[in-house]
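Have the model open as you read.

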Amino acid sequence: MRRNVKERDISLYPDIQMIIRCYMSLFLNKLPMNTLSIEDFISGIPKAELHLHIEGTFEPELMSKIAKRNNKKIKYQSIEELKQAYNFNNLQDFLNIYYESAGVLIEEQDFYEMTWAYLKKVHTQNLVHAEIFFDPQTHTDRGIKFSTVIDGIHRALEDARNKLGISSKLIMCFLRHLDEEAAIHTLKEALEYKDWITAVGLDSSEVYNPPSKFQRVFEKAKKENLLTVAHAGEEGPAEYIWEALRLLKVSRVDHGNHCLVDENLIKELVKKKIPLTVCPLSNLKLKVVQDLKQHPLRKMMDKGLLVTINSDDPAYFGGYVNENYLAITKALNLSKEDICQLAKNSFAASFLDEEKKQQMMKQVDKYYQENR
Ligand code: HPA
Ligand code: ZN
């Protein structure tokens with residue numbers, strides 16, 4: 001990066017720079033000793049990710065490697081051609097490619113490698129806790145055993161806990177374009193692995209597949225002491241968010257963008273402290289917003305909503321968690337204080353226990369004090 005003449009000159013005299021900083025820090029109480037760029041500030045802040053589909057982390061390079069190993073053809077001639085297909089007009093455009101790509105995953109090792117690649121990547125981004133969705137029906141409908149899927153994912157999560165210090169929770173999603181009977185069957189299979197699963201969720205094509213369609217299976221999951229979350233208000237109306245709250249008794253709403261059209265709904269979300277897991281680059285790529293500058297995040301924060309920043313399907317939407325923080329920070333001109341609030345929200349909104357949440361929020365505060 002080219003610096004201007006003044007910056008270059010002053011950088012020749014680190015002592016002078018230090019004296020100036022000390023002076024400003026002491027007398028103006030503005031610049032601390034070590035002011036980070038916004039990119040470095042975002043990169044270093046400890047954070048959690050709460051809205052991440054593991055199948056959405058499947059990078060074309062790994063996909064191509066696993067496809068070859070399993071003798072599976074992908075529709076596209078080259079990785080470049082595949083990446084060019086990532087030009088979506090809406091959620092369904094994306095889901096068509098996402099389900100097709102997941103079709104190359106066959107063995108336990110495949111699920112392990114995909115999950116491990118994500119965890120290694122976000123370890124470099126100072127992600128310390130991940131709550132991860134997986135879609136068993138995408139695989140069991142192709143004849144892959146439920147155990148193959150969950151064993152591979154779980155093994156990678158354990159490795160990340162032991163080798164990278166990343167803690168995690170697993171959230172099993174039902175595909176809402178399928179019927180409730182299929183979801184109930186999937187829940188039964190999952191109960192054998194109850195110790196590995198924290199919550200159930202609802203994803204896939206939202207419009208015409210309201211939360212009410214899954215009321216019974218969510219009631220069954222609740223009876224098994226599983227927590228509940230649901231995608232709602234991404235493409236669907238505010239009414240679907242009400243249904244997620246009232247019928248599915250969700251602890252969090254995934255996306256939730258369309259809550260802003262309903263003042264009573266906003267009041268309810270604020271009063272009950274129901275978090276929204278917002279995904280800026282996903283919203284841009286799937287045309288939920290036309291421009292990040294028009295993204296509702298700022299408005300959501302101003303209304304007192306507990307919002308968090310997440311990557312959704314990073315291999316498809318052009319960025320992992322830090323790229324999402326950075327893109328929305330630049331678009332909405334967020335301050336370091338805002339970023340600190342969002343990072344603290346990511347722990348407050350998590351399924352970690354209260355003591356761990358407090359500990360992590362203190363760490364974020366400390367980081368802010370040292371680097372603001
Ligand atoms: N919305 C709904 N279903 C999904 C998504 C999403 O953003 N990503 C993966 N499955
Ligand atoms: Zn999602």
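Two strands pair here if DSSP finds at least two bridges between them. Strands (E, at least two residues) and helices (H or I, at least four) are DSSP runs, numbered from the N terminus. With that in hand, look at β2 (residues 127–134) and β3 (residues 167–175): they run parallel, joined by 6 bridges. Ala 130 sits opposite Ser 168 in β3.

A word on ground rules. This is a predicted model, where local features need pLDDT of at least 70 and side-chain atom pairs count only at pLDDT 80 or more, while totals for chains, interfaces and linings use all residues. Residues are numbered from 1 along each chain as its sequence is written, with chains lettered from A and ligands numbered from 1 in the order in which they are written.

**The sheet.** The open sheet has 8 strands, in the order β1-β2-β3-β4-β5-β6-β7-β8, with parallel pairing. β1 (47–53) and β8 (307–309) are the edges: each has a single partner strand, so one side of each lacks a neighbour in the sheet. On average, neighbouring strands are turned by 25° against each other, direction ignored. Angles otherwise run from 0 to 180 degrees between N-to-C directions, and axes are lines fitted to C-alpha atoms, for helices over the stretch in contact. Helix α12 (residues 238–246) packs on the sheet, where it touches β5 (227–232) and β6 (252–255), and its direction makes about 175° with that of β5. Contact means C-beta atoms, placed from the backbone, within 7 Å.

| Pair | Angle | Axis distance |
|---|---|---|
| α18 (residues 336–348) and α19 (residues 354–371) | about 165° | 9 Å |
| α10 (residues 180–190) and α11 (residues 215–223) | roughly 15° | within 9 Å |

The angle makes α18 roughly antiparallel (over 145 degrees) to α19. Among the α18 residues meeting α19 are Cys 340 and Phe 347, and the α19 side includes Met 360 and Tyr 368.

By its angle, α10 is roughly parallel (under 35 degrees) to α11. Glu 180, Ala 183, Ile 184 and Leu 187 of α10 touch Arg 216, Val 217, Lys 220 and Ala 221 of α11.

**The ligand.** Which residues are around ligand 1? They are His 53, Gly 56, Leu 91, Asp 203, Ser 204, His 231, Glu 234, Ser 282, Asp 312 and Asp 313, each counted if its C-beta atom, placed from the backbone, lies within 6 Å.

Notes. Parallel < 35°, antiparallel > 145°, perpendicular 65-115°, else oblique. Contact = placed C-beta atoms within 7 Å.
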